[in-house]
Amino acid sequence: MPKWPGFRPLSLASARLEDWLEAERTQLPLWLPVGMVAGVAGWFWLPGEQAWEGLLLSMAALALAGFAFGRGGRAGRSVAIFALSVAIGCGLIWWKAERAGAPVLARDGIANLTARIERVEPLPARQAVRVTLLPLSCSDEGRSAGVCDAALAPQHSRLRRSAVGVIRINIPDENAVPGLAPGAVIALRARLVPPPSAAVPGAYDYSAVAWFSGIPATGKALDPVKLITPAPTGGPAEWLADARIGLTAHIMTELPPGQAGVAAALVTGDMGGVTQDDNDAFRRSGLAHLLSVSGLHLTAAVGATMFLALRLLALWPRLALRAPLLLIAAGCGAVMGIAYTLLTGAEVPTVRSLIAALVVLAGVALGREAMTLRLVAAGALVCVLFWPESVAGPSFQLSFAAILSIVALHELQWTRRTFEKREEPWLRRLLRELAALLLTGLVVEAALAPIAIFHFHRAGLYGAAANIVAIPLTTFVIMPAEALALIADCVGLGAPFWWVTGRALALLLWIAHSVGSLPGAVTFVPTMSRAAFALIAVGGLWLALWRTRARLLGLLPIAAGAAMTLATHPADIFITGDGRHLAVRGLDGRVALLRERTGDYMRDTLSEISGREGDDAIALDDLPGAVCGPDSCTATLIRDNRVWHLLATRSAYRIDRAAMEPACAAADIVASDRRLPDWCRPRWLKADPNLLAKTGGLAIRLVDPGVTSVAELQAAHPWAMVATDHDDRPLPQNDPNFARRAWAARDPWRDDRPADAGGMQR
């Protein structure tokens with residue numbers, strides 16, 4: 001234990017720290033994956049290479065200091081090892097990002113492609129098929145010259161071809177042809193676009209996902225596809241792909257459309273048949289996790305296999321007396337888990353759940369407790385080592401937050417004493433089990449709520465109650481009945497089982513729609529900062545991983561993060577990166593949209609990020625203080641007793657300078673999807689393609705004025721938006737603080753501001 005001669009208070013504090021760590025010695029290894037996750041998160045949060053290098057150097061210095069000054073005690077070693085794990089996590093994700101990237105398409109265009117199909121995903125609900133292609137040859141059309149450079153360049157990279165250089169194309173059903181299967185070579189004409197960045201700050205950013213997936217472009221087929229070479233047959237990959245597609249098609253014919261989509265998602269992981277209404281209902285009711293193959297589905301498959309294996313093997317007395325039945329059953333469960341993962345496409349979330357399941361099975365085979373925090377930590381460690389980029393995604397966070405909260409709750413002494421099995425009347429036992437389920441559901445909802453708010457700007461209120469019925473229904477009725485139906489179909493006797501499956505799915509859909517439509521089923525929260533989310537995450541981990549009373553200190557950062565979230569004023573104006581869509585948050589919280597024909601996706605995105613339901617959005621014409629014509633809108637906004645003037649164009653028609661120039665001069669903010677001339681000079685911000693090409697979408701606050709841009713959040717990460725000027729000359733590297741400096745350069749409180757610019761007509 002370190003001594004501090006002459007500093008008695010410091011020596012006493014050090015002694016108490018060592019005593020506490022001695023009491024928590026069994027929990028210390030759990031913080032190793034937490035350190036790696038922190039390093040990965042730090043890389044995503046920090047803006048660029050200098051900051052990443054600073055994090056690595058600071059962690060190395062902290063580790064050396066811990067080893068040097070903490071000799072003879074746990075504190076120094078613990079700090080040093082944790083710092084090293086943070087550095088390893090940061091270095092791992094940095095290396096993965098440099099290795100995974102593919103040259104990103106600079107601009108959209110039309111190209112003729114010859115490509116080999118890598119993956120096929122039917123989307124019956126959208127009447128389309130999504131294919132992942134490895135381009136073999138490409139030719140540009142017209143002004144899109146250069147599009148093929150990004151599509152073909154990854155093939156000449158030293159990196160693995162399976163990791164880079166694939167593009168995703170949606171093929172409408174009318175343009176699809178029979179024979180679309182992995183390995184087939186097709187020719188098609190498609191419109192290619194770069195992977196889209198977030199429309200506005202805080203929205204979903206597909207460009208980061210595409211970077212780590214090696215996808216430089218996405219697109220849509222414009223003409224019927226031509227099959228050049230049929231897919232090979234006989235290989236394991238082809239057999240699995242055919243089996244997955246065949247199973248999906250078979251299930252879709254056995255049940256009504258809504259039920260069939262959910263049934264296919266449970267078996268093959270294909271969500272293409274789930275309608276948008278059903279998907280929204282599952283999200284609102286807190287049951288969306290049932291639609292994606294994850295730990296719940298693998299647990300059901302592995303558990304059922306182990307149960308059947310134990311029961312069947314026990315029928316042979318000699319084997320039951322001489323063979324390790326539990327080990328054999330665990331092996332059967334592992335085989336089933338691997339087969340189920342391969343059948344569902346071996347997506348990263350499913351593979352992550354499989355790893356966790358295999359860790360648990362290994363513990364069972366070794367005679368350890370089926371689920372402990374150490375097994376959860378081991379699964380998280382493996383996932384971070386192989387897929388560090390998944391740490392930033394909601395799938396990783398939701399799955400591990402759920403299992404961590406469940407295991408931590410049931411490892412508490414109070415929980416074990418209260419809910420342990422005992423001899424008692426069946427009614428009391430039933431009530432005790434229901435209480436345990438309800439408490440578990442509430443704890444899980446509390447653990448998942450910050451993640452849902454941070455990523456999706458919403459949190460469910462009735463998810464715990466809905467899951468009490470939906471999870472057992474799915475695990476013990478729907479999935480076994482569907483499995484029996486598929487097996488019985490081999491001999492033509494599956495009809496009774498499909499009937500049971502259909503009735504159970506109808507009940508599940510009724511629960512989702514009923515709970516999702518209840519008043520207050522979803523609480524929308526406009527924004528949660530990264531700092532607030534980090535505080536809540538740290539507090540939750542501290543609360544879950546320690547065992548002494550010191551764990552209650554985790555409530556402090558949780559409270560601080562919640563207070564920061566509640567105190568944060570949401571943005572008042574959102575402008576998308578293309579300048580086409582603008583949303584104004586009214587004083588009543590409703591969102592006013594510039595364009596009446598805004599699509600459902602953009603309407604929902606702009607509404608939810610403002611803290612409202614998409615159906616509540618109104619037209620900007622209906623906003624008090626707004627005057628709109630066919631070509632433009634002006635709006636007078638009062639925030640914090642100050643008046644702001646907004647001008648936005650909404651057509652491609654020419655507006656006379658005589659009307660436009662004074663309107664620009666009278667406005668504080670001008671937004672347009674077309675390049676505005678230099679003589680259009682608003683008082684503060686001109687968000688036209690010249691600016692938006694550098695900043696991406698904007699979120700503008702009028703209370704405590706400021707601007708946040710997509711480029712600012714992306715910073716210098718490899719997938720950060722790359723803009724090109726209209727004359728094809730590359731623009732300078734993104735300037736994340738461009739909008740902030742524009743604010744500093746102009747005075748929005750000048751007294752010579754006209755009272756109103758009025759609405760301009762064409």
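## Report on a predicted chain

At 79% relative accessibility, Asn641 counts as exposed (exposed means over 50% relative accessible area, buried under 20%, partly exposed in between, with a 1.4 Å probe and protein chains only). Asn641 sits in the loop between strand E14 (632-639) and E15. Its phi is near 65°, a positive value in a residue other than glycine. The model is predicted: local features need pLDDT of at least 70, side-chain atom pairs count only at pLDDT 80 or more, and totals for chains, interfaces and linings use all residues. Residues are numbered from 1 along each chain as its sequence is written, and side-chain values use heavy atoms, with hydrogens and water left out.

**Overall make-up**

The chain has 26 helices and 19 strands. These are DSSP runs numbered from the N terminus, helices being H or I with at least four residues and strands E with at least two. Of its 762 residues, 48% count as buried. Among contacts (heavy atoms within 4.5 Å) with a separation of 6 or more, 67% join residues 24 or more positions apart. The accessible surface comes to about 36,800 Å², and 63% of that belongs to carbon and sulfur atoms. Areas come from the Shrake-Rupley method with a 1.4 Å probe; for residues, only the protein chains shown count as cover.

**Nonpolar cores**

In soluble globular proteins, nonpolar side chains tend to be buried together. Here the largest nonpolar core has 43 residues. Such a core is a set of buried Ala, Val, Leu, Ile, Met, Phe, Trp, Tyr and Cys residues joined through side-chain atoms within 4.5 Å. Trp43, Phe44, Phe212 and Trp719 have the most contacts inside this largest core. Helices that each supply at least two of its residues include H2 (31-45), H3 (49-69), H4 (74-100) and H6 (206-213). H4 gives the largest share, eleven residues. Apart from this core lies another, of 30 residues, with Leu266, Leu486, Leu508 and Leu509 among them.

Leaving out residues up to four places away in sequence, Phe44 touches Ile93, Phe212, Glu389, Ala392, Arg530, His717 and Trp719. One of these partners, Glu389, also takes part in a salt bridge.

**Salt bridges**

The structure holds 14 salt bridges, each a side-chain nitrogen of Lys or Arg within 4 Å of a carboxyl oxygen of Asp or Glu.

| Pair | N to O distance | Accessibility |
|---|---|---|
| Glu389 and Lys96 | 2.9 Å | both buried |
| Arg458 and Glu608 | 2.5 Å | both buried |

Elsewhere, Glu22, Arg25 and Arg74 are linked in a network of salt bridges.

**Helix faces and surface**

Helix H23 (residues 657-666) has Met660, Ala663, Cys664 and Ala666 buried. They lie on the same side of H23, because they cover an arc of only 160° around the axis, taken from the directions from the helix axis to the C-beta atoms. The buried residues of H23 pack against strand E15 (642-649) and strand E16 (669-671).

In helix H15, Ser405 is buried at 10% relative accessibility. Leaving aside neighbours within four places in sequence, Ser405 is in contact with Val443, Val444 and Ala447.

Trp426 is in helix H17 (residues 426-456) and counts as exposed at 60% relative accessibility. With Leu427, Leu430, Leu431, Leu434 and Leu437, Trp426 forms a nonpolar surface patch of about 610 Å² accessible area together. Patches are made of residues with over 30% relative accessible area and no salt bridge; like charges are joined within 9 Å, nonpolar side chains (Val, Leu, Ile, Met, Phe, Trp, Tyr) within 5 Å.

**Loops**

Ala715 lies in the loop between helix H25 (710-714) and helix H26 (738-745). Phi of Ala715 is near 55°, a positive value in a residue other than glycine. Ala715 is buried, with a relative accessible area of 9%.

Asp173 is in the loop between strand E3 (167-172) and strand E4 (185-193). At 39% relative accessibility, Asp173 counts as partly exposed. Not counting residues up to four places away in sequence, Asp173 touches Gln127, Ala128 and Val129. Asp173 and Pro224 are 51 residues apart in sequence and 9.3 Å apart in space, C-alpha to C-alpha.
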